Amino acid sequence: MVPELGHILLIITFSIAAMQCVYWLYNLKHATSDVILFLQKGSLINFLFIFLSFVILTFSFITSDFSLLIVSNNSHTLKPLIYKISGVWGNHEGSLLLWVLILSAFTFFVSFNTAINSRLLASIIGVQTLILSLFLAFILFTSNPFERVDVLPLDGRGLNPLLQDPGLALHPPMLYIGYVGLSVSFSFAVAALITGEINKDWARQMRPWITVAWCALTIGIALGSWWAYYELGWGGWWFWDPVENASFMPWLISTALIHCVRILEKKLIFINWTILLSILAFSFSLLGTFIVRSGLLTSVHAFASDPSRGVFILIILGISIGVPLILYTIKSSSFNEDKSSFDIVSKESAILINNLFLTTATLTVLIGTLYPLFLDAINGNKVSIGPAYYNATFAPIMAPVVLLMAIAPFLSWKKNIDKNFTKKIMFLSIVTFLGGILLHLMEEKSVFALMCGSLSIWLFTGVITDLISKIREAKVKFQNINQFFFFISKINLGIHVAHIGVAIFLAGVTGEQFYKSEYNERKKVGDIISIGTKSLKFDKIENIDGPNYNSLMATFTLYENNKFVSKLRPEKRFYPNEKSQTTEAAILSSFWGDTYLVLGEGDNETGWSLRIYNNPLVSWIWGGACFMAVGGILSIIQNSSRFRNV
Amino acid sequence: MKHKFKILNALPLVVFFFIVLFSSVVLYKLKINNRSERSIASQLIGKNIPKILIPRENYIKRNINSDNIDFKKYHNQIFVVNFFASWCAPCKIEAPIIDELSKILPVIGIAYKDKFLDTKNFLNDFGNPYKEIGIDRSGKIAIEWGVYGVPETFLINKKGEIIYRHAGPILYSDFKDEFLPILKKK
C-alpha cells in the first residue's frame, strides 16, 4: 500500500502543478499578491508531496520491497544500507524523481524570494512549475518508479557494482542540483521575456542562483571524474565521453553566464546576450538529461537508457527550449539598454572575450559530441571522437581564457585606470618565463607540457599579484579581526579563490597529462618492482569476503628510497548477485602525486599482471575544483545582504 | 516603435529547430529502422540453432507446469523463430506480418524480458499467430541466439540450421522481397 501512496502523491502534485500553470497564465497581466500567494502555497505543497513520495521510494529500497519493479531490478537484501539508499537514484525512474524533487525544492526556495518584483516573481514560479509538470508527466506516463511486478522475486538483481561506491552515491545528486539549479536563471530569463521587465536588480537577484548551480555542477563533475579515476582502473580522470561532455557543456555556459551577469548588474548592457546564455545553460542541462536518459548516445556511462522514452524527452525539450527561443526572437529587440561605451582595455571587454571563447569552446564540445551521431544518421558511418580532437580544438580555445583570467581582475570598469597595469603584466611575464625555465630544467617534456605548466604559473602569479595590490591600495592595517573581515568583504575574494582553483587544476592537469609514467609488469609473490625512486614488494595474494562480494586481494609494500611508505592493496571484486567483476585500484595519494596500482589477470605459477602509474599532482585536479566551488560559495556569501550592510 | 525586428535574433531559434529536426531523425531511425543492426551479420547463419532450452509458456492454462520448447517436432520443415516483447513498439508494427507468415509456416514466439500479463494482453490485442511461445525472462536465450534487439526473426531450414535472420520489424516490403524469395528457393 505504501508505494501506491507515493504514486498517488505524484499524481496529485502533477494536478496541482498543472492547475498552477493555468492559473498563472490566466493572471499573466495582473500579478497581485493573491496570485503570488497561491503560487507560493502551490510550490510548497508540490515540494512537500514530492519529498514524501521520494521518502516512500527510499523506504521501499531500505526495506527491500521487491514487489516494486525498480527495487527488484536495482537492489538486493545483502547490499549495504548506504548503497540501498543510493540505489534510489542509481536507475532511470528514481533519478528522475530526484530531478523533480530538486526542481520543486528550487521552485519553493525561489518563490519566497520576495525581493523580486511581483510580476517577475509570478512568471518565474510559473515557468518553474511548467517545467515541473512536464517532468512529472514524463515520470507518470513513461517511467513510473512505483510500478509493481507480477511475480514477486525472492531477491533483487542488485545495483551495478561499479556504482556501489561512495563517490558515485553523491555524484548524481550534486550534478542534478547543478543541472536543475540552472532552471532558476532560465526562469528568470523567460520571465523577463514574458513581462519585459529587466533591470540591474534582475541581475542581482539572479546571480546567487547561477552561482549555487555552478558550484554544485563543479563539485558534481569533479566527483564523477574522481570516481572514474579510482574505480574504472584506467588511470585516467577525463575521457571526453559523451556523458561527461553532457555535464561539461552546461558548466562552460554557466561559467560564461556568471561573468556576463556581472556586467548587467553594473550597467544595463548585454541584456539579450545574458538572456540567451541563461536559456542556453538550462538547455544544455536538459540536453544532458536527454543524452543520458534516451540512449541517443551509447557510451560506457549509459547505465540506464531506453530509446522509447526519447520521444517524450524530445517533446519536453521542444517545449521548454523552443518556446523561450520563439519569445526571444520576438521580444529581444524591445529591451532598452544603457547607452554606455567602454574601452578595449576594460573589464567589460575582458568579460566579453571570456564569453566569446567559452561559448566557442562549448560549441567545439557540442560538435564533438553530436558529430558521430550526425554522421551515423546521414550515411551510417560509425566514428568515435576521442581526446585527439579535443586536444586540438578545445585546448587552444581555452588557453586565451586562462591568459586573460590572470590580468582581467587588474582592469576596472569602463576604462583602465590602473597606472601599474603594464608593470604588472611585465612582472607576470618574467615570473612565468622563469617558472617555465625551471620546469624545463626539472624534467624535459614536450612544448605543450611547458605551455600548460606556464599557464598555471601565469594564472597563479596573476591572482596573487592582484590580491597584493588590492591590499596595498586599501592601505589598511589589520589591528583586529573585524577590520580584516571588513576588508575581505570589500574585495571580491570569491573571484580570487575560484581563479586560484583554476590555476591549481591546471597544475594538476599538467602533472597528470605530461609527467606521468606507466609500468606494465608480470610478477610473482615475493618479487620486487622498482619504479623510479620507489620500489614495490609483492607480499601476498589472498581471497577475502566482503559484505556482498568476494575479493581477490593482493598486498604490496611500497618503499621510497628504501624507506617504508605504505601497504598497497589492489583488489578484484566479484559480485555473485550481479555476476560481475570490478577492479579496485590501490591508490596512495599524497600532495605531490599518486601511486596507482591495478591488479590484472594471472595465477601464482606464471605471475600476476600489474599496471602501475605514477601520477604527479593528480589530486590537484580535484583540489582545484574544490577551490573553484569554495570561491563560488564565498562570492554568494559576500553578495548577501549581511556583508553589504557592514 | 522600438519593436524593430532583427533577423539575427531568430538565429538561436533556427539553430535549435535544426537540432531538434536532426534528433528526431536519429531517434526515428533508432526506433523504426534497423540499418545498424542489419549491417551486423549474424554469426549463426548456416549453423544449427543454439542448444538452449526455452521454457514454454502456456497462455491458456497458466497453471500447467511448463516444459521446454521441443524443436525436434519441427524437424523436416521450415519454421520461424520470432523474438518479440509486449513493451516493444516495432513488434506491434510487425504483428500483422507475423500473422501472414504464420499462415505459411509454423512460427515460434519468444517473449524477451517480458512479464506474463503484459504478453498476454499483447497477444489479446494483436492476435496470437504463434504455434508455441517461450519466455526469456533473463534475456539469456536471446544472447545465445545472438539477438541484437527485439523484434528479431530467424528462418530455420529442414536440417535445423538458421538460414536467414531479420533484425527489426518485418515490414510488408521485407516480407515480399526477402522472406518469400527465400521460401520459394527452398
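Student: Which residues of β4(B) are buried on one side and which on the other?

Tutor: This is a predicted model, in which local features need pLDDT of at least 70, side-chain atom pairs count only at pLDDT 80 or more, and totals for chains, interfaces and linings use all residues. Residues are numbered from 1 along each chain as its sequence is written, with chains lettered from A and ligands numbered from 1 in the order in which they are written. A residue is buried if 20 or more other C-beta atoms, placed from the backbone, lie within 10 Å of its own. Both faces of β4(B) are covered, with B:Glu152, B:Phe154 and B:Ile156 on one side and B:Thr153 and B:Leu155 on the other.

Student: Why do the residues of a strand fall on two faces?

Tutor: In a regular strand, side chains alternate between the two faces of the sheet. Strands here are DSSP runs of E with at least two residues, numbered from the N terminus. In β4(B), residues 152-156, the number buried is 5 of 5.

Student: Which residue stands opposite B:Phe154?

Tutor: Two strands pair if DSSP finds at least two bridges between them. β1(B), residues 79-84, runs antiparallel to β4(B), with 5 bridges joining them. The residue opposite B:Phe154 is B:Val81.

Student: Which residue takes a positive phi in the hairpin of β4(B) and β5(B)?

Tutor: β5(B), residues 162-167, pairs with β4(B) in the antiparallel sense over 5 bridges, and B:Leu155 stands opposite B:Tyr164. The hairpin has 5 residues between the strands, and the one with a positive phi near 85° is B:Gly160.

Definitions and conventions. Buried ≥ 20, exposed ≤ 12 C-beta atoms within 10 Å, placed from the backbone. Helix = DSSP H or I, 4+ residues; strand = E, 2+ residues; numbered from the N terminus.
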